[in-house]
Amino acid sequence: MPPSQGCKMEEGGNPGGLIKVLHLLVLSGAWGMQMWVTFVSGFLLFRGLPRHTFGLAQSKLFPFYFHISMGCAFINLCILAPQHAWARLTFWEASQLCLLFLSLTLATLNARWLGPRTTATMWALQTVEKERGLGGEMPGSHQGPDPYRQLRDKDPKYKALRQDFFHYHGLSSMCNLGCLLSNGLCLAGLALGLRSL
C-alpha cells in the first residue's frame, strides 16, 4: 500500500496503519492513565496530604479523569465500529466492541452521575468535620480513639452522610475497575494477535 493511503481502509476491511496506531495509542493511553490513577496517585496523595486537602485534590482530578476515560472509550468505538461487517463479526471482534461499549458506559456513569454525587457528599462530610476541628491532620497522626468514629457514633446526620459517601464511592470504584479491566482485556487481545514483537 502506498504511504499516502496509510490512514485509509485497506482492502478486505482492514484498517490502515495510521488508524491502527491511533487505536493502540488511545487504548493504551487510557489504560495507563487508569492504572496510574487507580493504583499509584491516589495512594501517594492519601499518604502525603492532610485529609481534606486530599479530598480537594481528588475532587479536582477525578472529573477530568472520568471525562478523559469516557472520551478515549468513545474514540476507540468510533475507530472500530465502522471497520467490521456486523453480520460477520468474529467472537473476538464482538467481544472487543462489547468491552469498549462497557468501558464507555461505566466511564459515562462515573463522569456524569457517580463522580458528582460522591464529591457533593464529601463536601457535606467535610463541612461537619470542620465544625468539629477535624480534617487538617495527616493520615494516622491522631493518638488514642478515632475522632471520626466518635463523631459518627454521636451524630446521626454525619453517620448517614458517611454511608452515602461510601455507597457512591464504592459504586464509582467498581465502575473504574470495570473500565480498567475492559481496556486491559482489549489490550491483551491486541497483544495476543501480534504476529511478532
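This is a chat about a predicted model of a protein chain.

Student: Hi! What secondary structure does the protein chain have?

Tutor: The protein chain has five helices and zero strands, in the order α-α-α-α-α along the sequence. Helices (H or I, at least four residues) and strands (E, at least two) are DSSP runs, numbered from the N terminus.

Student: Which residues does the "transmembrane region" annotation cover?

Tutor: According to the unreviewed UniProt entry, residues 21-44 and 64-82. UniProt positions follow the numbering used here, feature names are shortened, and annotations may be inferred rather than shown by experiment.

Student: How much of each span is helix?

Tutor: Residues 21-44 are 100% helix, with end C-alpha atoms 32 Å apart. Residues 64-82 are 89% helix, and their end C-alpha atoms are 28 Å apart.

Student: Now packing. At what angle do α1 and α2 pack?

Tutor: Helix α1 (residues 17-48) and helix α2 (residues 51-80) pack at about 160°, with axes 10 Å apart. Axes are lines fitted to C-alpha atoms, for helices over the stretch in contact, and angles run from 0 to 180 degrees between N-to-C directions. α1 and α2 are therefore roughly antiparallel, a label for angles over 145 degrees.

Student: And what classes of residue are in that contact?

Tutor: The α1 and α2 contact has 18 nonpolar, seven polar and no charged residues. Here Ala, Val, Leu, Ile, Met, Phe, Trp, Tyr, Cys and Pro count as nonpolar, Asp, Glu, Lys and Arg as charged, and the others, Gly among them, as polar.

Student: What about α3 and α5?

Tutor: Helix α3 (residues 91-131) and helix α5 (residues 156-192) pack at about 155°, with axes 7 Å apart. That makes α3 roughly antiparallel to α5. Their contact has 23 nonpolar, twelve polar and five charged residues.

Student: Is Cys98 buried or exposed?

Tutor: Cys98 is exposed, at 54% relative accessible area, whereas Cys72 is buried at 14%. Buried means under 20%, exposed over 50%, and partly exposed in between (1.4 Å probe, protein chains only).

Methods:
Residues are numbered from 1 along each chain as its sequence is written. This is a predicted model: local features need pLDDT of at least 70, side-chain atom pairs count only at pLDDT 80 or more; totals for chains, interfaces and linings use all residues. Side-chain values use heavy atoms; hydrogens and water are left out. Angles under 35 degrees count as roughly parallel, over 145 as roughly antiparallel, 65 to 115 as roughly perpendicular and the rest as oblique.
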